Amino acid sequence: MPDETFIYPAEPVLVEYPHPVLRKKAAPVTVFDDALRRFCRQLFAVMELEKGVGLAAPQVAVSKRIFITEHTRRKGHEGEPDPRVWINPRIEDPDGETVFEEGCLSFPAIYSKVIRHNRFTAVWQDEFGEERRQVLDHAAGDFLAIVVQHELDHLDGKLFVDYLNDLQFNQIRKRLRELEDAYRKTTGRAGSVIRR
Ligand SMILES: [Zn+2]
């Protein structure tokens, strides 16, 4: 469907693993209009309701290259609000490694440590189509560096549990099964389950 006729949902609702939309590669945004900006505001409402620090459009079943962040909502580290919209984002010049225990609104009650780039330049467009760039450095205190990498993965159908080693995966296996069972009960479908 061409972007011009794309209809954002009237009321975006969070989807959970193993909904297949979470595995789709999302399409670039080409139209920066009021409908897009309204959708972004709704994403913030969903994220606040779910008490997240980031939310990607595929997590409300919209396969578009959009995510939002509010890294100052991190528990115990609250600061001045800094809500951000990231459209058609990419990472340049990744450098170093860092480890952080991540969670995901689409994987309730699952947490595990993931290895990420420590430092990189984020390049993206805001909700008006304006290009933005910022260097993010986790070791220098940018929690946002973790959030951006996690959310960017969502736009390529990649999920934080994909990074886990066998030991880590075994620790969350039971919880994944519970989510798979719940999805099957409500939809009658298996969804995109992880076989490992
Ligand atoms: Zn996530």
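Mentor: Let us begin with Ala122, which stands opposite Gln134 in strand 5, and keep in mind throughout that this is a predicted model.

Trainee: How many bridges join strand 4 to strand 5, and which way do they run?

Mentor: Strand 4 and strand 5 run antiparallel and are joined by seven bridges. In their hairpin, five residues lie between the strands, and Gly129 takes a positive phi near 90° there.

Trainee: What about strand 3 and strand 4, how many bridges do they have?

Mentor: Strand 3 and strand 4 pair over 11 bridges, again in the antiparallel sense, and on that side of the sheet Ile87 stands opposite Gln125 in strand 4.

Trainee: And which residue in strand 3 does Phe67 stand opposite?

Mentor: Phe67 faces Trp86 in strand 3; strand 2, residues 66-69, and strand 3, residues 84-102, pair over four bridges in the antiparallel sense.

Trainee: OK, zooming out, in what order do the five strands sit in the sheet?

Mentor: The order is 1-2-3-4-5 in an open sheet, with antiparallel pairing. Strand 1 (54-56) and strand 5 (131-137) are at the edges with a single partner strand each, so one side of each has no neighbour in the sheet. On average, neighbouring strands of this sheet are turned by 35° against each other, direction ignored.

Trainee: Changing topic to the helices, which strands does helix 1 lie across?

Mentor: Helix 1, residues 34-50, lies across strand 1, strand 2 and strand 3, and runs at about 50° to strand 2. Helix 2, residues 144-154, lies across strand 1, strand 2, strand 3, strand 4 (112-125) and strand 5, running at about 155° to strand 2.

Trainee: So what pattern does the chain follow along the sequence?

Mentor: Reading along the sequence gives α-β-β-β-β-β-α-α, which comes to three helices and five strands. The radius of gyration is 16 Å, close to the 16 Å that the globule rule gives for 196 residues, so the chain is as compact as a globular protein of that length.

Trainee: What does the C-alpha trace span along its principal axes?

Mentor: It spans about 45 × 40 × 30 Å.

Trainee: Last one, what share of the residues is buried?

Mentor: Buried residues make up 30% of the 196 in the chain. As for contacts with a separation of 6 or more, 62% of them are between residues 24 or more positions apart.

Technical notes: Residues are numbered from 1 along each chain as its sequence is written. This is a predicted model: local features need pLDDT of at least 70, side-chain atom pairs count only at pLDDT 80 or more; totals for chains, interfaces and linings use all residues. Two strands pair if DSSP finds at least two bridges between them. Helices (H or I, at least four residues) and strands (E, at least two) are DSSP runs, numbered from the N terminus. Axes are lines fitted to C-alpha atoms, for helices over the stretch in contact, and angles run from 0 to 180 degrees between N-to-C directions. Two residues are in contact if their C-beta atoms, placed from the backbone, lie within 7 Å. The radius of gyration is taken over C-alpha atoms; the globule rule is 2.2 Å times the number of residues to the power 0.38. A residue is buried if 20 or more other C-beta atoms lie within 10 Å of its own, exposed if 12 or fewer, and partly exposed in between; C-beta atoms are placed from the backbone.
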